[in-house]
Amino acid sequence: AGLPAAEVVFPDALHMKGGACPGGWDTATVLAKGAEGVYEAAEVTLMFGKPEDGKGFKFFVSDDPYPFYGQDNTEGAAFGDVKVFASENDGDSQFYPLQHDYVSGIYTINVNLNTMKMTLTKTADVFEPQPPFYVYGEGLDHVWEMADALALYEIEANIFEGHDIHL
């Protein structure tokens, strides 16, 4: 007699963390379990920055670093193919949507552990401010220094604002 098939136990929820997420690596975005093995979160603001920022994410089952679900990095895998990384021996991998023509926005995130697929559906645009500019030079409180007090922040597309800068 053969052994009975192992019962697949799906986690109660998935905890999404990463540089692109609202809570970064500190506070998880929870994907609730709907149908067995299917997890989803809606109205999630994802900010990808610039390519050199390397802002991605992965899905954890607890506060522990392993196991987690990340981008399958084997040859021939497509973006959104999910792989389980059970221990440090399995390496590390994140999903990097910016590298696959996704832009910052508000998304519905769906992870199906039956098919091992992750899908992102953009539902709205979002304003992603550029890094600040700095007032720089002589005649300032901070002479020739890039000080936070001299920063101009983008408040809407291509409009920057700073306050209490003494010239």
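Select tryptophan 144, which lies in the loop between strand E9 (133-134) and strand E10 (151-156). Strands here (E, at least two residues) and helices (H or I, at least four) are DSSP runs, numbered from the N terminus. The model is predicted: local features need pLDDT of at least 70, side-chain atom pairs count only at pLDDT 80 or more, and totals for chains, interfaces and linings use all residues. Residues are numbered from 1 along each chain as its sequence is written, and side-chain values use heavy atoms, with hydrogens and water left out.

Tryptophan 144 has a positive phi of about 55 degrees although it is not a glycine. Most residues other than glycine have a negative phi, and most peptide bonds are trans. Is tryptophan 144 buried, exposed or partly exposed? Its relative accessibility is 47%, so tryptophan 144 counts as partly exposed. Buried means under 20% relative accessible area, exposed means over 50%, and partly exposed is in between (1.4 Å probe, protein chains only).

Together with Trp144 they form a nonpolar patch on the surface, with about 460 Å² of accessible area. Patches are made of residues with over 30% relative accessible area and no salt bridge; like charges are joined within 9 Å, and nonpolar side chains (Val, Leu, Ile, Met, Phe, Trp, Tyr) within 5 Å. The areas come from the Shrake-Rupley method with a 1.4 Å probe, and for residues only the protein chains shown count as cover.

**The whole chain**

How many helices and strands does the protein chain have? There are 0 helices and 11 strands. The C-alpha atoms fill a box of roughly 85 × 35 × 30 Å, taken along the principal axes. Of the 167 residues, 33% count as buried.

Asparagine 158 is in the loop between E10 and strand E11 (159-161). With a relative accessible area of 68%, asparagine 158 is exposed.

**Aromatic rings**

Next, show the rings of Phe, Tyr and Trp. Rings (for Trp, the six-membered one) pair if their centres lie within 6.5 Å; planes under 30 degrees apart count as stacked, over 60 as edge-to-face and the rest as tilted. By this rule there are 10 aromatic pairs. Phenylalanine 57 and phenylalanine 59 form an edge-to-face pair, 5.6 Å centre to centre with 75 degrees between the planes. Both phenylalanine 57 and phenylalanine 59 are buried. Tyrosine 66 and phenylalanine 68 form a tilted pair, at 5.5 Å and 45 degrees. Tyrosine 66 counts as partly exposed because its relative accessibility is 22%, whereas phenylalanine 68, at 0%, counts as buried.

To see a cluster linked by ring pairs, select Phe48, Phe57, Phe59, Phe79, Phe95, Tyr102 and Tyr107.

Stay at tyrosine 66 and look along the backbone. A cis peptide bond joins tyrosine 66 to proline 67, with omega about -5 degrees. Proline 67 is in the loop between E4 and strand E5 (68-71).

**Charges**

Which ring lies under the charged end of lysine 58? It is the ring of phenylalanine 68, whose centre is 4.1 Å away. A charge sits over a ring if NZ of Lys or CZ of Arg is within 6 Å of the ring centre and within 35 degrees of the ring normal. Lysine 17 likewise lies over the face of phenylalanine 60, at 5.9 Å from the ring centre.

Lysine 58 also forms a salt bridge with aspartate 92, the closest N and O atoms being 2.5 Å apart. This pair links distant parts of the chain, 34 residues apart: lysine 58 is in strand E4 (residues 58-60), and aspartate 92 is in the loop between strand E6 (82-85) and strand E7 (105-112). Lysine 58 counts as buried at 7% relative accessibility, and aspartate 92 as partly exposed at 47%.

A salt bridge is a side-chain nitrogen of Lys or Arg within 4 Å of a carboxyl oxygen of Asp or Glu. The whole structure holds 4 salt bridges. Among them is that of lysine 122 and aspartate 125 (2.5 Å, N to O).

**Last stop**

Finish at glutamate 43, in strand E3 (residues 38-46). Glutamate 43 has a positive phi of about 55 degrees although it is not a glycine. With a relative accessible area of 60%, glutamate 43 is exposed.
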